[in-house]
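Me: Can you walk me through this model? I'll ask as we go.

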Amino acid sequence: MYAITIPQPGGPETLTWAEVPDPVAGDGEVVIEVVATAVNRADLLQRQGFYDPPPGTSRYPGLECSGRIAEVGPGVTGWSVGDEVCALLAGGGYARRVAVPVGQLLPVPKGIDLVTAAALPEVTATVWSNVFQLAHVRPGETLLVHGGSSGIGTMAIQLGRAVGAKVVTTAGSARKLSACLELGADVAINYRERDFVAELGPRGADVILDVVGAKYLARNVDALAVNGRLVVIGLQGGVKAELNLGKLIAKRATVAATTLRTRPAEEKAGIVAAVRDHVWPLIEAGVVRPVVDRVLPLTEAADAHRLMESSEHIGKILLRV
(Lines give C-alpha, C1' and ligand atoms only; values in the text may rest on other atoms or scores of the structure.)
Protein backbone atom coordinates (compact mmCIF):
# COMPACT_ATOMS: atom_id res chain seq x y z
CA MET A 1 0.00 0.00 0.00
CA TYR A 2 0.97 3.68 0.00
CA ALA A 3 1.21 6.11 2.91
CA ILE A 4 2.57 9.53 3.81
CA THR A 5 5.89 8.95 5.56
CA ILE A 6 8.32 11.23 7.42
CA PRO A 7 11.84 10.24 6.31
CA GLN A 8 13.37 12.92 8.55
CA PRO A 9 12.05 15.74 10.73
CA GLY A 10 11.46 19.03 8.96
CA GLY A 11 8.99 21.28 7.23
CA PRO A 12 5.91 20.22 5.25
CA GLU A 13 8.10 19.36 2.27
CA THR A 14 9.54 16.38 4.17
CA LEU A 15 6.22 14.50 3.93
CA THR A 16 6.69 11.75 1.35
CA TRP A 17 4.16 9.56 -0.50
CA ALA A 18 5.77 6.13 -0.41
CA GLU A 19 5.05 2.44 -0.77
CA VAL A 20 4.96 0.69 2.62
CA PRO A 21 3.96 -2.75 3.98
CA ASP A 22 0.26 -3.51 4.41
CA PRO A 23 -1.00 -3.56 8.02
CA VAL A 24 -2.37 -6.81 9.42
CA ALA A 25 -5.27 -7.08 11.86
CA GLY A 26 -4.06 -8.49 15.17
CA ASP A 27 -6.15 -9.81 18.05
CA GLY A 28 -9.06 -7.45 18.68
CA GLU A 29 -8.24 -5.30 15.66
CA VAL A 30 -9.67 -4.51 12.25
CA VAL A 31 -7.99 -3.11 9.15
CA ILE A 32 -9.73 -0.09 7.64
CA GLU A 33 -9.55 0.81 3.97
CA VAL A 34 -9.14 4.53 4.53
CA VAL A 35 -11.36 6.97 2.64
CA ALA A 36 -10.34 10.13 4.50
CA THR A 37 -8.25 11.34 7.41
CA ALA A 38 -7.81 14.70 9.14
CA VAL A 39 -4.93 17.01 10.00
CA ASN A 40 -4.27 17.66 13.69
CA ARG A 41 -1.65 19.80 15.44
CA ALA A 42 -0.06 16.59 16.69
CA ASP A 43 0.71 15.65 13.07
CA LEU A 44 2.70 18.87 12.67
CA LEU A 45 4.65 18.18 15.85
CA GLN A 46 5.36 14.61 14.74
CA ARG A 47 6.61 15.88 11.39
CA GLN A 48 8.94 18.29 13.20
CA GLY A 49 10.36 15.49 15.36
CA PHE A 50 8.73 16.60 18.64
CA TYR A 51 5.95 14.04 19.10
CA ASP A 52 6.79 10.41 18.39
CA PRO A 53 3.98 7.86 18.12
CA PRO A 54 3.49 5.56 21.12
CA PRO A 55 5.62 2.38 20.99
CA GLY A 56 4.13 -0.38 18.89
CA THR A 57 1.84 1.90 16.87
CA SER A 58 2.01 3.10 13.25
CA ARG A 59 4.87 5.46 12.44
CA TYR A 60 2.77 7.39 9.91
CA PRO A 61 0.88 10.52 10.97
CA GLY A 62 -2.89 10.68 11.27
CA LEU A 63 -4.90 10.41 14.51
CA GLU A 64 -8.30 9.64 12.98
CA CYS A 65 -9.84 8.31 9.81
CA SER A 66 -13.00 7.15 8.10
CA GLY A 67 -13.42 4.26 5.69
CA ARG A 68 -14.62 0.69 5.32
CA ILE A 69 -13.54 -2.38 7.23
CA ALA A 70 -11.35 -4.50 4.96
CA GLU A 71 -10.20 -7.19 7.41
CA VAL A 72 -11.45 -8.43 10.78
CA GLY A 73 -8.91 -9.86 13.21
CA PRO A 74 -9.31 -12.69 15.75
CA GLY A 75 -11.64 -12.00 18.65
CA VAL A 76 -13.59 -9.21 16.93
CA THR A 77 -17.37 -9.35 17.14
CA GLY A 78 -20.07 -6.89 16.14
CA TRP A 79 -18.21 -5.59 13.07
CA SER A 80 -17.98 -7.01 9.54
CA VAL A 81 -16.00 -6.47 6.36
CA GLY A 82 -17.59 -3.63 4.42
CA ASP A 83 -18.93 -1.73 7.45
CA GLU A 84 -18.52 2.04 7.11
CA VAL A 85 -16.74 3.39 10.17
CA CYS A 86 -14.64 6.18 11.58
CA ALA A 87 -11.92 5.60 14.14
CA LEU A 88 -9.68 7.17 16.74
CA LEU A 89 -6.05 6.26 16.01
CA ALA A 90 -2.67 6.46 17.71
CA GLY A 91 -1.24 7.03 14.22
CA GLY A 92 -1.41 5.76 10.67
CA GLY A 93 -4.35 7.69 9.25
CA TYR A 94 -2.30 9.16 6.37
CA ALA A 95 -2.36 5.82 4.54
CA ARG A 96 -4.50 3.64 2.30
CA ARG A 97 -5.02 1.14 5.14
CA VAL A 98 -4.64 1.20 8.91
CA ALA A 99 -5.04 -1.36 11.70
CA VAL A 100 -7.06 -0.14 14.70
CA PRO A 101 -8.25 -1.70 17.98
CA VAL A 102 -11.94 -2.49 17.75
CA GLY A 103 -12.68 -0.39 20.84
CA GLN A 104 -11.70 2.73 18.92
CA LEU A 105 -14.22 2.19 16.11
CA LEU A 106 -17.39 4.24 15.68
CA PRO A 107 -20.17 3.80 13.14
CA VAL A 108 -20.59 6.69 10.72
CA PRO A 109 -23.40 8.82 12.20
CA LYS A 110 -26.66 8.89 10.27
CA GLY A 111 -26.78 11.93 8.01
CA ILE A 112 -22.99 12.29 7.77
CA ASP A 113 -21.14 11.25 4.61
CA LEU A 114 -18.15 8.95 4.83
CA VAL A 115 -15.52 11.60 4.05
CA THR A 116 -16.89 14.13 6.53
CA ALA A 117 -16.97 11.45 9.25
CA ALA A 118 -13.16 11.65 9.35
CA ALA A 119 -13.57 15.04 11.07
CA LEU A 120 -15.26 13.54 14.13
CA PRO A 121 -13.27 10.98 16.19
CA GLU A 122 -10.41 13.11 17.55
CA VAL A 123 -12.42 16.23 18.36
CA THR A 124 -15.37 14.43 19.92
CA ALA A 125 -13.14 12.16 22.03
CA THR A 126 -10.95 15.08 23.12
CA VAL A 127 -13.82 17.38 24.06
CA TRP A 128 -15.93 14.72 25.75
CA SER A 129 -13.06 13.29 27.81
CA ASN A 130 -11.83 16.68 28.97
CA VAL A 131 -14.82 19.01 29.25
CA PHE A 132 -17.33 16.42 30.44
CA GLN A 133 -15.57 13.41 31.97
CA LEU A 134 -12.71 15.35 33.60
CA ALA A 135 -14.02 18.89 34.19
CA HIS A 136 -17.69 17.88 34.58
CA VAL A 137 -19.17 21.00 33.03
CA ARG A 138 -22.79 21.42 34.12
CA PRO A 139 -25.84 23.25 32.79
CA GLY A 140 -25.72 26.93 33.69
CA GLU A 141 -21.95 26.99 34.17
CA THR A 142 -19.64 29.14 32.05
CA LEU A 143 -17.30 27.30 29.69
CA LEU A 144 -14.38 29.26 28.21
CA VAL A 145 -13.00 27.73 25.01
CA HIS A 146 -9.71 29.11 23.73
CA GLY A 147 -9.20 28.78 19.97
CA GLY A 148 -12.91 28.51 19.28
CA SER A 149 -12.51 28.32 15.50
CA SER A 150 -10.23 25.27 15.61
CA GLY A 151 -11.49 21.74 15.14
CA ILE A 152 -11.50 21.19 18.90
CA GLY A 153 -13.00 24.62 19.51
CA THR A 154 -15.88 24.26 17.08
CA MET A 155 -16.89 20.98 18.71
CA ALA A 156 -16.47 22.29 22.27
CA ILE A 157 -18.70 25.28 21.54
CA GLN A 158 -21.48 23.08 20.18
CA LEU A 159 -21.33 20.44 22.90
CA GLY A 160 -21.14 23.04 25.64
CA ARG A 161 -24.19 24.80 24.28
CA ALA A 162 -26.01 21.47 23.81
CA VAL A 163 -25.76 20.66 27.54
CA GLY A 164 -26.88 24.12 28.64
CA ALA A 165 -23.58 25.81 29.49
CA LYS A 166 -22.86 29.45 28.72
CA VAL A 167 -20.06 29.32 26.16
CA VAL A 168 -17.42 32.05 25.90
CA THR A 169 -14.68 31.69 23.32
CA THR A 170 -11.58 33.43 22.02
CA ALA A 171 -10.39 33.77 18.43
CA GLY A 172 -8.13 36.08 16.44
CA SER A 173 -10.20 37.58 13.61
CA ALA A 174 -13.65 38.90 12.84
CA ARG A 175 -14.27 35.97 10.46
CA LYS A 176 -13.40 33.43 13.14
CA LEU A 177 -15.41 35.22 15.82
CA SER A 178 -18.44 35.23 13.52
CA ALA A 179 -18.06 31.48 12.94
CA CYS A 180 -17.95 30.87 16.71
CA LEU A 181 -21.13 32.86 17.27
CA GLU A 182 -22.89 31.00 14.46
CA LEU A 183 -22.01 27.71 16.16
CA GLY A 184 -23.68 28.85 19.38
CA ALA A 185 -21.08 30.72 21.42
CA ASP A 186 -22.74 33.29 23.69
CA VAL A 187 -19.67 35.55 23.72
CA ALA A 188 -16.75 35.68 21.28
CA ILE A 189 -13.64 37.65 22.28
CA ASN A 190 -10.90 38.84 19.93
CA TYR A 191 -7.84 37.99 22.00
CA ARG A 192 -5.74 40.42 19.93
CA GLU A 193 -7.87 43.35 21.08
CA ARG A 194 -9.59 42.42 24.34
CA ASP A 195 -8.63 40.77 27.64
CA PHE A 196 -10.65 37.63 28.20
CA VAL A 197 -10.31 37.91 31.97
CA ALA A 198 -11.89 41.36 31.99
CA GLU A 199 -14.59 40.26 29.55
CA LEU A 200 -15.57 37.33 31.79
CA GLY A 201 -16.13 39.67 34.72
CA PRO A 202 -15.55 39.01 38.43
CA ARG A 203 -17.30 35.63 38.52
CA GLY A 204 -15.05 34.08 35.89
CA ALA A 205 -15.35 30.75 34.08
CA ASP A 206 -16.25 27.45 35.72
CA VAL A 207 -14.40 25.41 33.09
CA ILE A 208 -11.62 26.52 30.75
CA LEU A 209 -10.46 24.38 27.82
CA ASP A 210 -7.02 25.63 26.80
CA VAL A 211 -4.85 24.76 23.80
CA VAL A 212 -2.29 27.54 24.40
CA GLY A 213 -0.44 26.34 27.49
CA ALA A 214 2.26 28.33 29.27
CA LYS A 215 1.49 31.73 27.75
CA TYR A 216 -2.06 31.66 29.10
CA LEU A 217 -1.54 29.85 32.42
CA ALA A 218 -1.49 32.88 34.73
CA ARG A 219 -4.41 34.60 33.02
CA ASN A 220 -6.40 31.38 32.94
CA VAL A 221 -6.01 31.05 36.72
CA ASP A 222 -7.13 34.68 37.05
CA ALA A 223 -10.17 33.82 34.90
CA LEU A 224 -11.26 30.79 36.92
CA ALA A 225 -14.38 30.99 39.07
CA VAL A 226 -14.45 29.63 42.61
CA ASN A 227 -14.27 25.82 42.25
CA GLY A 228 -13.20 26.35 38.63
CA ARG A 229 -11.48 23.71 36.51
CA LEU A 230 -8.75 24.50 33.98
CA VAL A 231 -7.89 21.75 31.50
CA VAL A 232 -4.78 22.24 29.34
CA ILE A 233 -4.71 20.10 26.18
CA GLY A 234 -2.21 22.01 24.01
CA LEU A 235 1.12 23.79 24.22
CA GLN A 236 1.04 26.23 21.32
CA GLY A 237 2.12 28.99 23.72
CA GLY A 238 4.99 27.13 25.38
CA VAL A 239 5.59 24.51 28.05
CA LYS A 240 6.86 26.39 31.13
CA ALA A 241 5.16 29.06 33.23
CA GLU A 242 4.84 30.13 36.85
CA LEU A 243 1.73 28.95 38.69
CA ASN A 244 0.39 31.06 41.55
CA LEU A 245 -0.73 28.41 44.02
CA GLY A 246 -2.11 31.05 46.36
CA LYS A 247 -4.69 32.11 43.78
CA LEU A 248 -5.52 28.49 43.03
CA ILE A 249 -6.06 27.65 46.71
CA ALA A 250 -8.12 30.78 47.31
CA LYS A 251 -10.46 29.74 44.51
CA ARG A 252 -10.43 26.04 45.46
CA ALA A 253 -9.67 25.54 41.77
CA THR A 254 -7.89 22.78 39.87
CA VAL A 255 -5.51 22.62 36.91
CA ALA A 256 -5.30 19.44 34.85
CA ALA A 257 -3.24 18.65 31.75
CA THR A 258 -4.04 15.73 29.48
CA THR A 259 -3.25 14.05 26.21
CA LEU A 260 -5.28 11.46 24.31
CA ARG A 261 -2.83 9.76 21.96
CA THR A 262 -0.74 7.92 24.53
CA ARG A 263 -3.59 6.61 26.69
CA PRO A 264 -3.96 2.82 26.92
CA ALA A 265 -6.29 1.21 24.39
CA GLU A 266 -8.80 0.21 27.08
CA GLU A 267 -9.00 3.81 28.30
CA LYS A 268 -9.55 5.08 24.76
CA ALA A 269 -12.24 2.44 24.28
CA GLY A 270 -14.10 3.82 27.29
CA ILE A 271 -13.94 7.34 25.91
CA VAL A 272 -15.10 6.19 22.46
CA ALA A 273 -18.01 4.28 24.00
CA ALA A 274 -19.07 7.41 25.89
CA VAL A 275 -18.84 9.48 22.70
CA ARG A 276 -21.06 6.97 20.91
CA ASP A 277 -23.60 7.09 23.72
CA HIS A 278 -23.68 10.85 24.33
CA VAL A 279 -22.37 12.70 21.25
CA TRP A 280 -23.54 10.54 18.33
CA PRO A 281 -27.25 11.11 19.14
CA LEU A 282 -26.64 14.88 19.10
CA ILE A 283 -24.95 14.63 15.69
CA GLU A 284 -27.70 12.44 14.25
CA ALA A 285 -30.33 14.88 15.56
CA GLY A 286 -28.55 17.80 13.87
CA VAL A 287 -27.81 19.55 17.19
CA VAL A 288 -24.04 19.16 16.68
CA ARG A 289 -22.23 19.01 13.35
CA PRO A 290 -18.68 18.55 12.11
CA VAL A 291 -17.13 21.76 10.79
CA VAL A 292 -14.88 21.18 7.76
CA ASP A 293 -12.77 23.96 6.29
CA ARG A 294 -11.75 22.02 3.17
CA VAL A 295 -10.89 18.60 1.76
CA LEU A 296 -7.58 18.02 -0.04
CA PRO A 297 -6.10 14.89 -1.63
CA LEU A 298 -3.87 12.91 0.73
CA THR A 299 -0.99 13.43 -1.72
CA GLU A 300 -1.26 17.17 -0.92
CA ALA A 301 -0.66 16.63 2.81
CA ALA A 302 2.19 19.15 2.74
CA ASP A 303 -0.19 21.90 1.60
CA ALA A 304 -2.63 20.87 4.33
CA HIS A 305 0.12 21.22 6.93
CA ARG A 306 1.02 24.67 5.61
CA LEU A 307 -2.61 25.70 5.86
CA MET A 308 -2.82 24.54 9.48
CA GLU A 309 0.40 26.35 10.33
CA SER A 310 -1.06 29.55 8.87
CA SER A 311 -4.08 29.21 11.21
CA GLU A 312 -6.33 30.58 8.48
CA HIS A 313 -8.71 27.62 8.61
CA ILE A 314 -11.96 27.23 10.53
CA GLY A 315 -12.75 23.73 11.76
CA LYS A 316 -11.11 20.64 10.35
CA ILE A 317 -8.82 20.11 7.36
CA LEU A 318 -9.49 16.73 5.77
CA LEU A 319 -7.37 14.60 3.46
CA ARG A 320 -9.16 12.31 1.01
CA VAL A 321 -7.37 9.11 0.06
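Me: Which residues are buried in α10?
Reply: In α10, A301, A302, A304, H305, L307 and M308 are buried. Buried means under 20% relative accessible area, exposed over 50%, and partly exposed in between, with a 1.4 Å probe and protein chains only. Helices (H or I, at least four residues) and strands (E, at least two) are DSSP runs, numbered from the N terminus.

Me: Before we go on, what am I looking at?
Reply: This is a predicted model: local features need pLDDT of at least 70, side-chain atom pairs count only at pLDDT 80 or more, and totals for chains, interfaces and linings use all residues. Residues are numbered from 1 along each chain as its sequence is written, and side-chain values use heavy atoms, with hydrogens and water left out.

Me: Back to α10. What do its buried residues pack against?
Reply: They pack against β1 (2–5), α1 (41–47), β14 (292–297) and β15. Contact here means heavy atoms within 4.5 Å.

Me: And what follows α10?
Reply: S311 does, with a positive phi near 60 degrees. H313 sits in the loop between α10 (301–310) and β15 (316–320).

Me: Is H313 buried or exposed?
Reply: H313 counts as buried because its relative accessibility is 6%. Beyond residues up to four places away in sequence, H313 touches R41, S149, K176, D293, L307 and M308.

Me: Switching to strands. How covered is β5?
Reply: Mostly covered. Strand β5 (residues 84–88) has four of its five residues buried.

Me: Which strands does β5 pair with?
Reply: Strand β4 (residues 64–72) pairs with β5 in the antiparallel sense over five bridges. Strand β7 (residues 105–107) also pairs with β5 in the antiparallel sense, over three bridges. Two strands pair if DSSP finds at least two bridges between them.

Me: What stands opposite V85?
Reply: G67 stands opposite V85 in β5. P107 in β7 is also opposite V85.

Me: What about β8, which way do its residues point?
Reply: In strand β8 (residues 142–145), T142 and L144 point one way and L143 and V145 the other way. All of them are buried. In a regular strand the side chains alternate between the two faces of the sheet.

Me: And the partner of β8?
Reply: Strand β9 (residues 166–171) pairs with β8 in the parallel sense over four bridges. L144 has V168 as its bridge partner in β9.

Me: New topic. Which residues touch the most other members of the largest nonpolar core?
Reply: V127, V275 and W280 do, in a core of 53 residues. Helix α2 (residues 121–134) gives the largest share of this core, six residues. Another core lies apart from it, with 19 residues, among them V197, V221, L230 and V232. A nonpolar core is a set of buried Ala, Val, Leu, Ile, Met, Phe, Trp, Tyr and Cys residues joined through side-chain atoms within 4.5 Å.

Me: What is V275 in contact with?
Reply: Setting aside neighbours within four places in sequence, V275 is in contact with L106, T124, A125, W128 and W280.

Me: Now N220. Where is it, and is it buried or exposed?
Reply: N220 lies in helix α6 (residues 217–223). It counts as buried because its relative accessibility is 0%.

Me: How about N227, buried or partly exposed?
Reply: N227 is partly exposed, with a relative accessible area of 40%. N227 is in strand β12 (residues 224–232). Not counting residues up to four places away in sequence, N227 touches D206, K251 and R252.
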